[in-house]
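Colleague: I'm new to this one. Could you walk me through it with a few questions and answers?

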Amino acid sequence: MGDVAARLSKLGIALPSIAPASGNYIPYRLAGNLLFVSGQIPRIDGVEHFVGVVGRDISPEDAYQAARLCALNLVARVYAALDGDLDRVEACVQLRGFVNAPEDFRDHPAVIDGASDLLVEIFEEKGRHTRTALGAGSLPRGSSVEVDAVFEVATKS
Amino acid sequence: MGDVAARLSKLGIALPSIAPASGNYIPYRLAGNLLFVSGQIPRIDGVEHFVGVVGRDISPEDAYQAARLCALNLVARVYAALDGDLDRVEACVQLRGFVNAPEDFRDHPAVIDGASDLLVEIFEEKGRHTRTALGAGSLPRGSSVEVDAVFEVATKS
Amino acid sequence: MGDVAARLSKLGIALPSIAPASGNYIPYRLAGNLLFVSGQIPRIDGVEHFVGVVGRDISPEDAYQAARLCALNLVARVYAALDGDLDRVEACVQLRGFVNAPEDFRDHPAVIDGASDLLVEIFEEKGRHTRTALGAGSLPRGSSVEVDAVFEVATKS
């Protein structure tokens, strides 16, 4: 078992299964050593969670959990991209977090911390990333949060 | 004639001409093998099309066409960047699609499919990309859709 | 003194000091020759400036200054990432500018020009970048503008 897999096990974190790609976009794409991952919403097994506007329908605390779930979906896609070898992750390079929020919402960083914290729990120092957190005008399926990311991965040995 | 140029011809797709860069930003920038392309709106020959809010002023079907037009503008810029040799495109790596929509809009993916579908028509398997679709609060010139992208390209032989 | 440092001095531009990283995200991350920088708001020494909605609370002219201030913060982080050697910047590759604006706002490009213009003042031709300007539904701390960027940097000699 790899170091990261052992850490997941110790933390009691199970990665969700991901549906096979459908349509003309794909869950991940490797370009050189950069692994791009598509935007993730808080969906598990095809069911959307935390649907609604943060600060009105969804509490900031629940939105934090929504962001964490988005990040869990990111990691599940990284897992698929690397044939399960999460130890090949050198760094989470960039994370963008979009919060479905009313115009006067100000606490996007606290929401997106849910994604950032999970990445560091799983990848430790390598999980620390640059980040942009902001408010979307609306999100797919009415999701409260959407997150995408770019990782740096080691060349397959 | 290259493979992609032949496909464009067969599909009856003509790339729009692009205006020379103005101001301090540029239409594309190559960094290593990654080609970054600036955000595109549904503009042809300097005229904006599909102006308005999707789901209110603009139907989802028209918004699909708007996204397709944005992607056509992306490809025109890739064409310019590669001196016309679209066969150098190894992959469309990342596409971000922003929809000008009211707060309760939920169908961003169906809109941005207009961009995704065009890229796969033109580049086939290489055109399949990671994607983030979301709602903007507003868009330049009142556009209904804006799309940007990163491509991976082969080193010039 | 490097070329860029000399230019900063000549232009009378002082880079703001930046706070040490806190939390699980970081101000910059180098992956290969790409330097990713986290989203910046118009904050100096921990104080937010230009807070509010552009076109209502904040004039377009002030929003231009806000974008300029965001870009100054970007450059301060590049400076930190490169141990002060700004001559290692080969290119600003990609800039994304988010404007906190009402639904009918159309002039995002004129606002984000504040960031673009500063980057070209500092880095000249190397500062010209691809760009996506759009409207956010809301922004952290109520900021009027947020900007992030990717730079290409020369390998340390």
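Modeller: Gladly. A term to start with: a residue is called buried when its relative accessible area is under 20%, exposed when over 50%, and partly exposed in between. Please also keep in mind that this is a predicted model.

Colleague: Thanks! Is Ala149(C) buried or exposed?

Modeller: Ala149(C) sits in strand S7 of chain C. Leaving aside residues up to four places away in sequence, Ala149(C) touches Leu35(C), Phe36(C), Val37(C), Leu74(C), Gln94(C) and Leu95(C). Its relative accessible area is 2%, and the cut-off is under 20%, so Ala149(C) is buried.

Colleague: And what is the relative accessible area of His108(C)?

Modeller: His108(C) is found in helix H3 of chain C, residues 108–123. Its contacts, not counting residues up to four places away in sequence, include Val99(C) and Ala133(C), and also Ser138(B), Leu139(B) and Pro140(B) from chain B. His108(C) counts as buried, with a relative accessible area of 0%.

Colleague: Which residue of chain A comes closest to the rotation axis?

Modeller: Chain A can be laid on chain B by a turn of 120° and a shift of 0.0 Å along the axis, with an RMSD of 0.0 Å. For chain A, at 2.4 Å (C-alpha), the residue is Gly137(A).

Colleague: What percentage of the interface residues of chain C are also interface residues in chain A?

Modeller: The contact takes 31 residues from chain C and 32 residues from chain A. The copies meet through different surfaces, because the share of interface residues of chain C that are also interface residues in chain A is only 13%.

Colleague: How much area do chain A and chain B bury between them?

Modeller: In this contact, 31 residues of chain A meet 32 residues of chain B. Carbon and sulfur atoms account for 49% of the buried area, and the area itself is about 2400 Å².

Colleague: Which strand gives the most to the side of chain A that touches chain B?

Modeller: Across this interface, 15 residue pairs are in polar contact. On the side of chain A that touches chain B, strands S1 (28–31), S2 (34–40), S5 (89–100) and S7 (145–153) of chain A each supply at least two residues. The one that gives the most, with 5 residues, is S2(A).

Colleague: How many nonpolar residues does that side of chain A have?

Modeller: Sorted by class, the side of chain A that touches chain B has 6 charged and 8 polar residues. Its nonpolar residues number 17.

Colleague: Now the charged pairs. Which residue of chain B forms a salt bridge with Arg141(A)?

Modeller: Between chain A and chain B there are 3 salt bridges. One of them joins Arg96(B) and Asp148(A), at 2.8 Å from N to O. Arg141(A) counts as partly exposed at 28% relative accessibility. With the closest N and O atoms 3.7 Å apart, its partner is Asp107(B).

Colleague: One last one: how many salt bridges does the structure hold over all chains?

Modeller: Another salt bridge lies within chain C, where Glu121(C) and Arg68(C) meet at 3.0 Å, N to O. There is also a network of salt bridges linking Arg56(A), Asp57(A) and Glu103(B). Over all chains, the number of salt bridges is 30.

How values were computed: Residues are numbered from 1 along each chain as its sequence is written. Chains are lettered from A and ligands numbered from 1 in the order in which they are written. This is a predicted model: local features need pLDDT of at least 70, side-chain atom pairs count only at pLDDT 80 or more; totals for chains, interfaces and linings use all residues. Side-chain values use heavy atoms; hydrogens and water are left out. Contact means heavy atoms within 4.5 Å. Buried area is the accessible area (1.4 Å probe) that two parts lose on being put together, summed over both. A salt bridge is a side-chain nitrogen of Lys or Arg within 4 Å of a carboxyl oxygen of Asp or Glu. A polar contact is a pair of N or O atoms within 3.5 Å; within protein, one must be able to donate a hydrogen and the other to accept it, and residues adjacent in sequence count only if both atoms are side-chain atoms. Helices (H or I, at least four residues) and strands (E, at least two) are DSSP runs, numbered from the N terminus. Ala, Val, Leu, Ile, Met, Phe, Trp, Tyr, Cys and Pro count as nonpolar, Asp, Glu, Lys and Arg as charged, and the others, Gly among them, as polar. Copies are superposed by least squares on the C-alpha atoms of residues with pLDDT of at least 70 in both. Buried means under 20% relative accessible area, exposed over 50%, partly exposed in between (1.4 Å probe, protein chains only).
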